[in-house]
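Morning, everyone. Let's talk about aromatic rings today. Please have a look at the model first.

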Amino acid sequence: MVIPANPEKSVSSHDSGMEWWKKTTVYQIYLRSFFDTNADGIGDIQGIIEKLDYLKDLGYETLWISPFTQSPQRDFGYDISDYHSISPQYGDMETFEKLVQEVHSRNMKLVFDLVLNHTSNEHSWFKESASSRNNPKADWYIWKDGKGRNGMTPPNNWRAMAGNRAWTYYPERRQFNYTAFLPFQPDLNYHNPEVKQTMFDVARFWLNKGVDGFRLDIISAIYEDPELCRNPASFRITPSDKSLTIFFQNLKNNFLQAKSFEFATELRSVIDEFDHPKRVLIGESHGNEELISQFCYSNGKNGLNAIFLFKAISMPFKAEKYREMLMTFEKHFPEPLIPTLVFANHDRTRIITRLGGSIEKAKLLALFQFTCRGIPFTYFGDEIGIPRVRIPLRQGKDAIAIQHKWVPQFLVDNSVEILNRDECRTPMLWNEKANAGFCTDSAEPWLPVAKNFKEINVEKQRGEPHSLLNFYKKVIHLRNETPALHQGSLEIAHDLCTKRILAYYRVYQAEKYMVMLNMSNSRAINPMKDVELLLSTHPQGEAHRLQPFEGRVMKLGSA
Ligand code: BGC
């Protein structure tokens, strides 16, 4: 147990003044793929404005949008060439300001991806830095001499998160440059105070425009070991919640450094300058929960408000595994900290595909996600069950796919995990018109639209009372209307949990609720008597038995 007493001072779940971000629900919009209003086949900011009522009606409060500032788009906005202006393919500043205003007028919140760790190699800062060893920005990025007789051997064995070598040679400086991700995304040097202040001012610039906070891209990489110690080998290929590993290397010395946790507390003081309303920082980090919880609280100081937890994304759909996961989250993110409940994003496979196409399981998962203690995140389109759209690696637009196009296709086809991230970024399915209503008939969507869009789309599911979409709506509204579900404490009902059943209570003041999930394909006894059934994934079920993959929310008497 790492959380010392009293972080996030003076707020407890029994205080009706709980901060908004602890009670919120988040909908992630991959901007390029959401809604295109200018017929170029690419989603835009105006498209979000036009769909705000859809999101409000579903009950979401917070929107998280992928990056939209100037970028060569080699990593679709995660490679920034100017932090202060909007990429024309997405709109302009005026439209962005309108978005902020429209979101707030609906009592909603807006956060976006702040990419602090790296810029594009086309950013003017980098061009200057790369041009010589003695220009004013020479020390803004991470440059090191090579090893060996002619200095052509990289400084050490570090790999980047995207699988490539972390070092790229630049003849102009006769030095190697470091990246934590792809070679065209050089890491900024946060040991340089000028860099830190400049980037804090970038955050202030957007906070002054009224944004409610940021999702901090790849914050785990913000510092590296200054001694450049070698990384140890590992048996794993991909990162897990236990260690940050890539292609048989544990990224121990270039990720998750103690200084990164200190940085989180500094950044927190920046957002705390903006008080009305309070802003939020949600960091992206793989790694062991005990370690990464230090992003939220370290050395007696509050840091990030929450951390994007990857554990749930690849968790097998099994009651025992989910129970263990809840125990881990409660252990490392006890009140007043808060875990996040994340099952998908723009880098990972689609939920419905992971669940073998089962709508029953998808509803059960939504029930879990919106009734647990934590901040639930929905990746756009998962509320209607958009599947992974198979796109061969060789046709990939995603830079990771391009980098891995040598990998035999059958290996990726047989894996649940994707290597071509285009497969989870295909356009939103709005209706059964051409291009699923994402863009006009005459436009060419930037990625193919899922073939089954006539069966799976928002308009159709709106009209079906038992659709996945309508289930999302019901469970989100129930959560919003029930204090115990959005701000109560969580107690796992260990005595009722079995190999097939997961059960937990949510408690707030005198109110007590039970959530029971049958995560198996056989029926199970529901031992709860004298309860009021508030919501079931199977509205036609039997009172004393749970159907296969049925989940229920029940209200109990006084706690
Ligand atoms: C984002 C990716 C992005 C990478 C580099 C990640 O963690 O989620 O989409 O490619 O950071 O910025």
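Start at lysine 137. Lysine 137 sits over the face of tryptophan 140, 4.6 Å from the ring centre. Keep in mind that this is a predicted model.

Lysine 51 lies over the face of tryptophan 430, and here the distance to the ring centre is 4.0 Å.

Now to rings against rings. How many aromatic pairs does the structure hold? The count is 43. I'll walk through two of them.

First, tryptophan 143 and tyrosine 170. Their ring centres are 5.3 Å apart. The planes stand at 90°, and anything over 60 counts as edge-to-face, so that is what we call this pair. Where do the two residues sit in the chain? Tryptophan 143 is in strand β6, residues 143-144. Tyrosine 170 is in strand β7, residues 167-170.

Buried or exposed? Take tryptophan 143. Its relative accessible area is 8%, and the limit for buried is under 20%, so tryptophan 143 is buried. Tyrosine 170 comes in at 13%, so tyrosine 170 is buried as well.

Centre to centre, the rings are 6.0 Å apart. The angle between the planes is 75°, and the pair is edge-to-face. Phenylalanine 370 belongs to helix α11, residues 359-371. Tyrosine 472 belongs to helix α15, residues 468-481. So the pair ties together parts that are 102 residues apart in sequence.

Accessibility again. Phenylalanine 370 has 0% relative accessibility and counts as buried. Tyrosine 472 has 2% and also counts as buried.

α11 and α15 pack with their axes 9 Å apart, at an angle of about 15°. The crossing is right-handed.

Which residues make the contact? On the α11 side, they include Ile359, Ala362, Leu367 and Phe370. On the α15 side, Leu468, Phe471, Tyr472 and Val475 are among them.

One last picture. Phe370 and Tyr472 also belong to a cluster linked by ring pairs. Other members include Tyr27, Phe34, Phe35, Tyr54 and Tyr60. Tyr379, Phe380 and Trp430 are in the cluster too. And Trp430 is the ring with lysine 51 over its face.

Key: Residues numbered from 1 in each chain as written. Predicted model: local features only at pLDDT ≥ 70, side-chain atom pairs only at ≥ 80, totals over all residues. Heavy atoms only, no water. Phe/Tyr/Trp six-rings, centres within 6.5 Å; stacked < 30°, edge-to-face > 60°. Helix = DSSP H or I, 4+ residues; strand = E, 2+ residues; numbered from the N terminus. Buried < 20%, exposed > 50% of the residue type's maximum accessible area, 1.4 Å probe, protein only. Lys NZ or Arg CZ within 6 Å of the ring centre and 35° of its normal. Axes fitted to C-alpha atoms, helices over the stretch in contact; angles between N-to-C directions. Left-handed = near helix turned anticlockwise from the far one by under 90°. Contact = heavy atoms within 4.5 Å.
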